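The following note is intended for a colleague who is meeting this structure for the first time.

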Amino acid sequence: MVWEPLNLTQVCPAHTQQTACSPFGYVLLNFITQLFGDSVDRRVQESLRKLDNGDSENCNQNYTCYGDGYTESYERERDDYDFIVVGAGAAGCVVTNRLVENNYKVLLLEAGDEQPDITLVPGLSTSFLGSNIDWQYYTAPNGKSCLGREGQRCSWPRGKTMGGSSSINSMSYYVSHLPYIDRPSFMMTKAFTERGIPLADFNGANQFATMQGQTFTLHGERISANYAYIQPIRYKRKNLTVKVKSEVTKVLIDENKRAYGVIYEKNGRRYTAVAKNEVIVSGGAINSPKLLMLSGIGPKSHLESLGIHSIANLDVGYNLHDHVTFNGYAIHLPKGNSTLVDEKTIINDILDYKLGKVKNGPISGNGAVNSIAFIKTEPYLPAEDIQYQCYNVILKEYLSNPALYESISTYPTPYYDAIVPRTMNVAPESRGRLYLNKTNPNGYPYIYPNYLDKKEDFVPIIKGVKFLLSLENTKAFKDMGAYFSREKLPGCKEYEWGSDEYTVCLTRTYTSSPYHPVGTCKMGPVGDKTAVVDPRLRVYGVANLRVIDASIMPVVYERAIYYDRRKRG
Ligand SMILES: Cc1cc2nc3c(=O)[nH]c(=O)nc-3n(C[C@H](O)[C@H](O)[C@H](O)COP(=O)(O)OP(=O)(O)OC[C@H]3O[C@@H](n4cnc5c(N)ncnc54)[C@H](O)[C@@H]3O)c2cc1C
């Protein structure tokens with residue numbers, strides 16, 4: 001199987017009431033692994049291998065030959081390409097497609113494996129977290145945030161597969177609506193409109209709006225950057241070579257400070273690949289700064305303290321930031337209006353999805369996640385500063401241990417009896433930093449987002465929560481019998497429910513990320529001493545090297561960030 005799920009035996013404590021850890025939870029995970037654990041690309045490659053008659057002039061001991069003229073070079077110590085693209089994520093897939101279209105010879109290196117079929121299924125999206133297609137990063141504690149999480153560390157999933165995080169994210173924004181939207185989701189949108197937020201497209205000119213968010217899906221399946229930009233050309237264009245399970249560990253830079261290739265590791269072996277034109281780094285906001293630093297580009301003192309020769313002294317890793325939110329206020333949906341069903345129905349829904357030609361049942365939906373609204377907490381602000389985005393839960397299990405509940409997120413998203421609307425500060429002021437791992441620079445980096453360092457970050461959250469709680473008086477809520485659960489969460493019980501102090505406590509204790517980190521290879525004009533890349537995304541001080549992913553954003557956008565930035569890449 002290409003997909004290996006979260007290991008429940010490792011994460012489930014003994015004697016827990018969480019359904020995800022029950023015998024049904026184990027059966028369910030095993031069931032979806034059997035149904036969706038393989039990858040369409042693996043199957044295509046297998047059938048092409050069978051078709052191959054060995055006549056291709058490119059076939060020799062250094063190449064695997066496929067039918068349709070497709071070849072994938074491997075086990076060569078040295079290859080020559082026009083461009084090498086590091087990371088097949090949201091940005092890397094787009095830029096690769098454009099270069100190949102322009103007849104350049106491109107090597108695309110991806111650390112993860114092929115994109116497994118499970119990533120196509122909207123209703124199973126939370127089960128990707130903690131699995132083998134997630135880098136499974138965690139933040140370092142700062143004593144002001146994530147206090148209720150294990151070790152005071154928040155989880156920071158990142159996609160490790162073809163398509164990168166676009167293969168595991170919540171799909172909000174683009175192309176088309178999900179075919180299945182449930183009643184509680186519509187309740188949220190109606191309640192927001194009753195309170196004065198226009199029902200409109202927040203991706204349009206005016207962001208002050210609410211709607212069921214658009215998603216990058218088609219016919220009930222996710223369209224990742226891999227599906228949109230690589231698959232259509234991968235087995236047709238001879239000038240494209242894709243290598244999965246190939247992690248780049250260093251950009252090669254000559255004595256004239258010119259990038260000319262990379263070193264990467266595949267199946268325990270090291271390889272060198274050479275690029276005539278450029279090396280393009282698109283490993284994402286965590287791995288791109290890590291790779292630059294491993295290659296000698298970064299803060300001189302930090303690199304030298306780790307024995308890395310400094311080539312360009314730049315502020316790589318600084319300016320790390322993210323939208324910030326918390327989980328904690330839960331809207332209870334009484335029986336009849338909850339979407340919970342029995343175990344047999346869940347299994348049947350999943351089978352219907354798998355076998356059905358038209359994928360428009362519950363599993364083609366993503367729960368309440370796309371019930372989204374934006375507001376300005378003060379009229380004079382230049383842009384909306386709060387986004388509401390919903391998370392859905394089984395209330396009793398969630399309230400008993402919110403942190404544990406969130407860490408074992410394998411239950412399908414369409415089934416729930418409570419919505420946890422997240423009041424998200426989309427213009428945070430706190431800034432953190434990313435460092436290389438002190439004991440093993442190649443290992444997991446030290447991720448210090450420094451959430452909620454600045455007290456100002458609470459101001460919009462407190463105002464946004466007041467607005468949120470007022471939704472309880474809307475007709476939309478009353479019609480559904482929905483109300484905010486008054487049960488206080490562990491760690492914040494000494495505060496009055498709904499008070500500012502309670503909100504601050506929830507935010508510090510159950511800090512949460514929408515997983516939009518940016519800023520670690522900041523773009524800026526000549527003269528900006530903190531910039532790592534110029535406005536054309538070229539690394540300052542090193543020729544033939546660009547960074548083109550989310551790490552280059554100087555400031556996080558106010559909305560979902562995937563496609564907006566991708567166009568620049
Ligand atoms: C769980 C989750 C939910 C999200 N929800 C949304 C949403 O609903 N809407 C939205 O707009 N955004 C969402 N995002 C954010 C969005 O997906 C990211 O901002 C976007 O994918 C970032 O693109 P990128 O190209 O910078 O990095 P990525 O898409 O993360 O791609 C980086 C790629 O590089 C590979 N790589 C890294 N290091 C190396 C190396 N050394 N060698 C080779 N390959 C390497 C990685 O494996 C990965 O495939 C979400 C993110 C997550 C994780």
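1. Position of glutamine 136. Glutamine 136 belongs to the loop that runs between strand S4 (106–109) and strand S5 (137–138). Strands (E, at least two residues) and helices (H or I, at least four residues) are DSSP runs, numbered from the N terminus. Although glutamine 136 is not a glycine, its phi is positive, at about 60°. Its relative accessibility is 35%, so glutamine 136 counts as partly exposed. Here buried means under 20% relative accessible area, exposed means over 50%, and partly exposed lies in between (1.4 Å probe, protein chains only).

2. Basis of the note. The model is a predicted one, in which local features need pLDDT of at least 70 and side-chain atom pairs count only at pLDDT 80 or more, while totals for chains, interfaces and linings use all residues. Residues are numbered from 1 along each chain as its sequence is written, and side-chain values use heavy atoms, with hydrogens and water left out.

3. Overall form. The protein chain contains 15 helices and 26 strands. For 569 residues, a compact globule would have a radius of gyration near 25 Å, and the 24 Å of the protein chain agrees with this. That radius is taken over C-alpha atoms, and the globule rule is 2.2 Å times the number of residues to the power 0.38. The C-alpha trace spans about 70 × 55 × 50 Å along its principal axes.

4. Interior and surface. Of the 569 residues in the protein chain, 62% are buried. A contact means heavy atoms within 4.5 Å; among contacts between residues at least 6 apart in sequence, 71% join residues at least 24 apart. The protein chain exposes about 22900 Å², of which carbon and sulfur atoms supply 50%. These areas come from the Shrake-Rupley method with a 1.4 Å probe; for residues, only the protein chains shown count as cover.

5. Charges. The protein chain carries 63 positive and 59 negative charges, and their mean positions are 2 Å apart. Lys and Arg count as positive and Asp and Glu as negative, with His and the chain ends not counted. Each charge is placed at NZ of Lys, CZ of Arg, CG of Asp or CD of Glu.

6. Helix H6. Helix H6 (residues 225–234) is largely enclosed by the rest of the structure, because eight of its 10 residues are buried. Those buried residues are Ala225, Asn226, Tyr227, Tyr229, Ile230, Gln231, Ile233 and Arg234.

7. Helix H14. Which residues of helix H14 (residues 500–509) are buried? They are Tyr502, Thr503, Cys505, Leu506, Thr507 and Thr509. Their cover includes strand S17 (325–326), helix H12 (458–469) and strand S25 (511–512).

8. Serine 167. This residue sits in the loop between strand S6 (155–156) and strand S7 (172–176). Serine 167 is buried, with a relative accessible area of 0%. Leaving aside residues up to four places away in sequence, serine 167 touches Gln115, Thr119, Phe128, Thr161, Met162, Arg222 and Ser224. The side chains of serine 167 and glutamine 115 are joined by a polar contact of 3.5 Å. A polar contact is a pair of N or O atoms within 3.5 Å; within protein, one must be able to donate a hydrogen and the other to accept it, and residues adjacent in sequence count only if both atoms are side-chain atoms.

9. Aspartate 38. The loop between helix H2 (23–36) and helix H3 (40–51) holds aspartate 38. Aspartate 38 is buried, with a relative accessible area of 18%. Not counting residues up to four places away in sequence, aspartate 38 touches Met1, Val2, Arg43, Pro116 and Asp117.

10. The loop between S25 and S26. Aspartate 534 is placed in this loop and is buried, at a relative accessible area of 10%. The side chain of aspartate 534 makes a polar contact of 2.8 Å with the side chain of arginine 538. Asparagine 544 is also found between S25 and strand S26 (545–547). Asparagine 544 is partly exposed, with a relative accessible area of 25%, and has a positive phi of about 60° although it is not a glycine.

11. Glycine 336. Is glycine 336 buried or exposed? Glycine 336 is exposed, with a relative accessible area of 67%, and lies in the loop between strand S18 (331–332) and helix H9 (343–355). Glycine 336 and glycine 481 are 145 residues apart along the chain, and their C-alpha atoms are separated by 9.5 Å.
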